[in-house]
Amino acid sequence: MFSPLPTPAEMSNWDKVTINEIGIRGEILMENAGREAVFALLKGYGDVSGKKILIIAGSGNNGGDGFVMGRMLADLGAEVLILHTVPKSKYKGDAAYMLKVAARLGVNMKFFRATEKVILPEADIIIDALLGTGFSGELRPFAHAIVHAINETKNSFIFAVDIPSGLNGLTGQPQPVAVQAQLTVTFEEAKIGLALPHADAYTGTLVVTHIGIPNEVKYKHPATHLLIRENALEFIPEPSPAMHKGNSGHILLIGASKGLTGALHLAGISALRAGAGLVTMACPDGLAAEVKAGKPELMTKGLGSGDQWNDQMIAELLRELEKYDALVIGPGLGREKGALDLVEAIVKHGHPPAVFDADALYAFAKRPELLKRIVENSILTPHPGEMARMVNSSIPEVEAERINTAREFATASKTILVLKGAGTIIGCPDGQVVVSPLSAPNLAAAGSGDILAGMGGALLAKGIPAMQSACIAVYWHGLAGQYLAENFPYRGNIATEIADVLPQVLKEELC
């Protein structure tokens, strides 16, 4: 269900352990990397025979990969020129070894002297082997000029080795510019920065290839970040012949307030589309008809009398909680005192596995002491604005530190924190962070978050652990957005259509 997403430092450690403790020589790893990069280039570009290929080789191991590629591409009939950015005598270790091998075989190389203005020779393919994932800080002037020249090149296919030069491997941000590649090959596992959606503009198509780091090394030195894999939906239990509505999950959705009845209705539809056997929506009795909105499949539990949450409704609700397999709390709940009292009462009373969404998160922001009492592994699903309110910050600050924000909040509150947005981040109580590889503009629609909350509740009601439920829901939700883009390429879909496409996604992905 997950692939490791190492930080640049974690990847570097995998290399060191593999070389120093396992005994696989660095030259072997570099040879593997160069060979896999050539395979990726051939697959992405096609035949290179007779093509002019320019390789820009930096001073480190990234440059060493470039030397390996140059040798192999020359053997395939390409007209190769390697521009090395430091004198040959300055290369060390594995990169120096690979340079000597390429030189012995007559690969054309020239020293690329530092100049303020960089003019690159014409080439069909430019291979960026300047800087690897160990790069940090800002580009130096010469590297900056090279990156700019690569990006200004016309009619060349740009191929990046391991990471586009200038891109931060931890944050996925340019420093301050980065190579804009059509194809990037990265080694062993995608680094965390490459998996973040804003890196797409620089990586182009991202190909992950393995170079021989043993799995034992990864298990003993696990990455602190994970990527949701394409097989995530396979962890949804298959329907059994003996299944009936009573054993496929009964979920209680709690919310709604005057003028905000649609949110609870959407969450209810979503829970049904995600496979819940029974869905009940609890709301003030005066709003029950609006919440149901003529949908016979949805059951309502009207509480008390009137249309505003009060102590009588809360008391009635608390007596019912243990009847349900999972809860979703917050869609359309409102921000009046009665709504905040409701969230507090549920938290203090204890409850089945739960998703806290929307206005329930507002209650946590206003009464942060409740987070200390929340049932461990509850799922919280804030968008950046709700997250900023809960951590007393601003939306730009949250967006700039999405991963750290999710990690710190999840570890402090012992909850599963789903920070929504392109490339949704899931923070876990043990400090692990999971990243969704999907972004879908079609999900930027009113009610989309209610759909996600209902999906998470339905998966919890099936008995799937909270962390896996959150990750499956996020991935499934993202795929639904991508499927909708086929019929709504310029958006315009509505939230109910996100819910309605969920079974179709499962059919296409699993059948």
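This is a predicted model: local features need pLDDT of at least 70, side-chain atom pairs count only at pLDDT 80 or more; totals for chains, interfaces and linings use all residues.
**View 1. Helix α4 and the elements around it.** Ala 95, Ala 96, Met 98, Leu 99, Val 101 and Ala 102 are the buried residues of α4. An α-helix has 3.6 residues a turn, so residues three or four places apart point the same way. After α4 comes Gly 106, with a positive phi near 80°.

**View 2. The crossing of helices α18 and α19.** The axes of α18 (residues 466–487) and α19 (residues 495–510) come within 8 Å and cross at roughly 95°. Angles of 65 to 115 degrees count as roughly perpendicular, and the two helices are therefore described in this way. On the α18 side, the contact involves Trp 476, His 477, Leu 479, Ala 480, Tyr 483 and Leu 484. Their partners in α19 are Glu 497, Ile 498, Val 501, Leu 502, Val 505, Leu 506, Glu 508 and Glu 509. The residues of this contact divide into 10 nonpolar, 1 polar and 3 charged.

**View 3. Helix α16 and the residue that follows.** Helix α16 spans residues 402–413 and has 12 residues. Its reach from first to last C-alpha is 17 Å, close to the expected 16 Å. Buried residues in α16 include the charged residues Arg 402 and Arg 407, together with Ile 403, Thr 405, Ala 406, Phe 409, Ala 410 and Ser 413. Lys 414, which follows α16, has a positive phi near 60°.

How values were computed:
Residues are numbered from 1 along each chain as its sequence is written. Side-chain values use heavy atoms; hydrogens and water are left out. Buried means under 20% relative accessible area, exposed over 50%, partly exposed in between (1.4 Å probe, protein chains only). Helices (H or I, at least four residues) and strands (E, at least two) are DSSP runs, numbered from the N terminus. Axes are lines fitted to C-alpha atoms, for helices over the stretch in contact, and angles run from 0 to 180 degrees between N-to-C directions. Angles under 35 degrees count as roughly parallel, over 145 as roughly antiparallel, 65 to 115 as roughly perpendicular and the rest as oblique. Contact means heavy atoms within 4.5 Å. The expected span of a helix is 1.5 Å times one less than its number of residues.
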